[in-house]
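Let's walk through this model together, starting from a single residue and widening the view step by step. Keep the structure at hand as you read.

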Amino acid sequence: MKSQPIVGAALFNTMMEAAGHRCQCEGECGNPHVKGDGRCQHEHDHYTSKHGRRVRLVAAPTDPLATDVAAARLPASALRAWCPDCHAGAARLARKQLPVTSTDQCDLFGV
């Protein structure tokens, strides 16, 4: 593995080894990942395509809506490897599934 974070490298390496240095998304992002048998094919430090960008996996909680503070307190066993695309997609889908309450919305004039 060529790149790793400076802070929390031991935790990151433990989690990445458990994930096989591959994104662990199994469709939570909305993509069925058909080519990867249901799992995202992005690998850490590999390119997305011939002219693509380099993939940097992140260690993040299974719940993509968890706060940074909550995520920092989790052990390696409660984290999973996410590529940025899958993590953003999973968070977007999770936000859409949250119930909307009347206090979340205000009218045009904020009254």
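Predicted model: local features only at pLDDT ≥ 70, side-chain atom pairs only at ≥ 80, totals over all residues.

Residues are numbered from 1 along each chain as its sequence is written, and side-chain values use heavy atoms, with hydrogens and water left out.

You will find R56 in the loop between helix 1 and strand 1 (58-61); helices (H or I, at least four residues) and strands (E, at least two) are DSSP runs numbered from the N terminus. Leaving aside residues up to four places away in sequence, R56 touches S3, H44, D45, W82 and P84, where a contact means heavy atoms within 4.5 Å.

Now step back to the whole chain. Its secondary structure comes to three helices and two strands, following the pattern α-β-α-β-α along the sequence. Of the 111 residues, 28% are buried. Among contacts between residues at least 6 apart in sequence, 50% join residues at least 24 apart.

What lies inside? The largest nonpolar core has 18 residues, and C23, C25, L57, C83 and C86 touch the most other members. Such a core is a set of buried Ala, Val, Leu, Ile, Met, Phe, Trp, Tyr and Cys residues joined through side-chain atoms within 4.5 Å. Helix 1 (9-19), strand 2 (79-82) and helix 3 (84-97) are the elements that give two or more residues to this core, and helix 1 supplies the largest share, four residues. Take C25 as a guide: beyond four places away in sequence, C25 touches H33, G38, R39, C40, R80, A81, W82 and C86.

From E17 to A81 is a step of 64 residues in sequence, yet their C-alpha atoms are 9.7 Å apart in space.

Terms used
Buried < 20%, exposed > 50% of the residue type's maximum accessible area, 1.4 Å probe, protein only.
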